[in-house]
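Here are some notes to read with the structure open beside you. Take the points one by one, and find each residue as we reach it.

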Amino acid sequence: MQSAASVQDEVAAWVAEHWDPDLTVGAWWQRLAGAGLSQPQLPAPWGRGYNREQGSAVSAALRAHDALPLQTKAVYPVYAAFGLRAIVPVPVPEVPVVSA
């Protein structure tokens, strides 16, 4: 079994080669999925069959390169804008409903 540190190093090298901050969210997720890194705990061909510790190492490597939070950066403002208070731990102002 590959150690978490080894997984993190491997993913860091992969990100260094493939990360481009100008990619769209969709393009980045396609790259991650193609490498088995979007859901690394799933079995191949969808993931890499990693255990929880190894999956956490993948997330840590992606965060270290500021490459993981795409879903957070892209989705969090949507959650905030639409008031999903159960998910977003910040106050979101009520949007008045205007009748036509």
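1. How many aromatic pairs does the count come to? Before answering, please keep in mind that this is a predicted model. The count comes to two aromatic pairs. One of them is formed by Trp 14 and Trp 28, with 5.6 Å from centre to centre and 40 degrees between the planes, and this pair is tilted. Trp 14 belongs to helix H1 (residues 4–18) and Trp 28 to helix H2 (residues 25–34), so the pair ties together parts that are 14 residues apart in sequence. Trp 14 and Trp 28 are both buried.

2. Now turn to Trp 19 and Trp 28. Their ring centres are 4.7 Å apart and their planes stand at 80 degrees, so this pair is edge-to-face. Is Trp 19 buried, partly exposed or exposed? Its relative accessibility is 23%, so Trp 19 counts as partly exposed. Trp 28 has 0% relative accessibility and therefore counts as buried. To see why the two get separate labels, remember that buried means under 20% relative accessible area. Taken together, Trp 14, Trp 19 and Trp 28 are linked into a cluster by ring pairs.

3. Let us step back to the whole chain. It has four helices and zero strands, and reading along the sequence gives the pattern α-α-α-α. Of its 100 residues, 28% count as buried. The accessible surface comes to about 6700 Å², and carbon and sulfur atoms account for 60% of that surface. If you take the contacts between residues at least 6 apart in sequence, 41% of them join residues at least 24 apart.

4. Which residues of H1 are buried? They are Ala 4, Val 7, Val 11, Trp 14 and Val 15. These residues cover an arc of only 100 degrees around the axis, so they sit on the same side of H1. The buried residues of H1 pack against H2 and H3. Turn to the other side of H1 and you will find Asp 9, Ala 16 and Glu 17, which are exposed.

5. Next, a charged pair. A search of the whole structure finds one salt bridge. It is where the side chains of Arg 48 and Glu 10 meet, at 2.8 Å from N to O. Which parts of the chain does this pair link? Arg 48 is in the loop between H2 and H3, while Glu 10 is in helix H1, so the pair links distant parts of the chain, 38 residues apart. Arg 48 has 27% relative accessibility and so counts as partly exposed. Glu 10, at 35% relative accessibility, counts as partly exposed too.

6. Leaving out residues up to four places away in sequence, Pro 40 touches Gly 47, Arg 48, Gly 49, Tyr 50, Gly 55 and Val 58. Among these is Arg 48, the residue that meets Glu 10 in the salt bridge. The C-alpha atoms of Pro 40 and Asn 51 are separated by 8.5 Å, and these two residues are 11 apart along the chain.

7. Where does the cis peptide bond lie? It joins Ala 44 and Pro 45, with omega at about 10 degrees. Pro 45 lies in the loop between H2 and helix H3 (52–64).

8. Finally, have a look at Gln 54, which is found in helix H3. Its relative accessible area is 6%, so Gln 54 is buried. Not counting residues up to four places away in sequence, Gln 54 touches Met 1, Gln 2 and Val 7.

Technical notes. Residues are numbered from 1 along each chain as its sequence is written. This is a predicted model: local features need pLDDT of at least 70, side-chain atom pairs count only at pLDDT 80 or more; totals for chains, interfaces and linings use all residues. Side-chain values use heavy atoms; hydrogens and water are left out. Rings of Phe, Tyr and Trp (its six-membered ring) pair if their centres lie within 6.5 Å; planes under 30 degrees apart count as stacked, over 60 as edge-to-face and the rest as tilted. Helices (H or I, at least four residues) and strands (E, at least two) are DSSP runs, numbered from the N terminus. Buried means under 20% relative accessible area, exposed over 50%, partly exposed in between (1.4 Å probe, protein chains only). Contact means heavy atoms within 4.5 Å. Accessible areas come from the Shrake-Rupley method with a 1.4 Å probe; for residues, only the protein chains shown count as cover. The arc is that of the directions from the helix axis to the C-beta atoms. A salt bridge is a side-chain nitrogen of Lys or Arg within 4 Å of a carboxyl oxygen of Asp or Glu.
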